[in-house]
Amino acid sequence: MEIQTEKKIYKLGVVGLGEGRSIMSASLNSPQWELHTVCDLNEELCRKRSEEFSFTNWTTSYEEMLQNPEIDVIAIYTPDQLHQRHISQALQANKHVICTKPLLTSLEGAKELLDLVNGSDRKVFVGQSSRFFEGMLHQRRDYEAGRHGELETLEAQYITDARWFLERDWSRQKGFSWMYNFMIHAVDLVRWYMPGVTEVTGYGKISANSRSRGIEAWDSLRFLLQDEEGRIAEVAGNYTMPTLGELVEPSISCLLRGTEGTSRAEYSKLSYHTHFTGEDPQSYSYDDKRGYYFRFEGNSHHAGEYQNYIEYFADCLDRGETPLPDAAEAIRTLALMEAMELSAQQGGVKVRIDDIMTKYGLN
């Protein structure tokens, strides 16, 4: 007889109420979570979220929230450059952590953070939301059931017309990167299925659209990755040019090709396409769940994915399991991203991920 694990209700504190808007919605609608306190330095934003969600327990002091013994988990949605400090503070306060991607802005300080995580009994989970979209969930279940046979190749993309970014002042700030803001979603999907990626080669190009606005960040990117078993993945990204539209060209997609089947999961279309041995090609639509996934302003703030991943995290805590991606997996993904950058900077030279890990003392 299967033993049912008792489901606990976890009390959540949220810091950063821009993107944190979605995690507020997720936790308020989940039977496994209780939203306890939210925090932002911007008092006006705190009041705005309080009114939006009829939720009055807010503070502008992160330290005050961390000191509350009732809070089990801290969800971090602050600017990327603050993640390391906020994660460290939460672990030192004996809290579990959910952190939006990317875990860090670079591998500087990654070893110190990993040492802190490994020295704690608290769990750190990185919210890579694309894994938790409807089509991707169905694809993963089919993969784990062995319906693809032996995986041979993988194609992941994040392609969108984000030219509106070019009009924002922060796109001109040092360090702005389409890779870390957008393409990391596609890279993470590769890591999900090919965790043993060993090397990468690829190219990046800056379009005339970016250069005309004084922005020197690659906005067209193509990479080939190979894992320890010789399997190949392609990662593609374009960000400042017209697309063919959602009906033809999904923004994010993950295409698995195996010896017994092929499938493609899509975002923001609620679609999943399959062709498995013994079956005709099939296409599935889950558009009836659009209201669950997209709760604010069209297809922005995809809170349904957040609810899916915090409930997955709660299940892992209930069972005493490590949620994935954890800090170690996220740090290796960042090493892969740095290897991709280095390859593109050097005109497509092959770069090994272990060499990047060694550089930062992470092997």
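This is a predicted model: local features need pLDDT of at least 70, side-chain atom pairs count only at pLDDT 80 or more; totals for chains, interfaces and linings use all residues.

Start with helix α6, residues 134-144. Its buried residues pack against α7 (178-193), β11 (252-258), β12 (261-267), β13 (271-276), α9 (290-293) and α10 (303-319); contact here means heavy atoms within 4.5 Å. Helices (H or I, at least four residues) and strands (E, at least two) are DSSP runs, numbered from the N terminus. Which residues of α6 are buried? Select Glu-134, Gly-135, Met-136, Leu-137, Gln-139, Arg-140 and Asp-142. Buried means under 20% relative accessible area, with exposed being over 50% and partly exposed in between (1.4 Å probe, protein chains only).

Residues are numbered from 1 along each chain as its sequence is written, and side-chain values use heavy atoms, with hydrogens and water left out.

Next, color the open sheet of 9 strands, ordered β14-β13-β12-β11-β7-β10-β9-β8-β15 with mixed pairing. Two strands pair if DSSP finds at least two bridges between them. At the edges stand β14 and β15 (351-352), each with a single partner strand, so one side of each has no neighbour in the sheet. Now bring back α7: this helix packs on the sheet and touches β7 (151-159), β8 (197-205), β9 (220-227), β10 (232-238) and β11, with its direction at about 165 degrees to that of β7. Axes are lines fitted to C-alpha atoms, for helices over the stretch in contact, and angles run from 0 to 180 degrees between N-to-C directions.

Zoom in on β12 and β13, which run antiparallel and are joined by 5 bridges. A hairpin of 3 residues links them. Pick Ser-263 and you'll find its bridge partner, Thr-274, in β13. Thr-274 also has Gln-282 in β14 as a bridge partner. β13 and β14 (residues 282-285) pair in the antiparallel sense over 4 bridges, and their hairpin has 5 residues between the strands, with Gly-278 in the turn showing a positive phi of about 85 degrees.

Now hop to the other sheet: an open one of 6 strands, in the order β3-β2-β1-β4-β5-β6, with parallel pairing. Its edge strands are β3 (58-59) and β6 (124-127), each pairing on one side only. Select β4 (residues 73-76) and β5 (residues 96-100), which pair over 4 bridges; Val-73 has His-96 in β5 as its bridge partner. Then show helix α4 (residues 83-92), lying across β4, β5 and β6 at about 165 degrees to β5.

Last stop: α5 (residues 110-118) and α11 (residues 327-345), whose axes come within 10 Å and cross at roughly 165 degrees. Where do they touch? Ala-110, Leu-114 and Val-117 in α5 meet Ala-327, Ala-328 and Ile-331 in α11.
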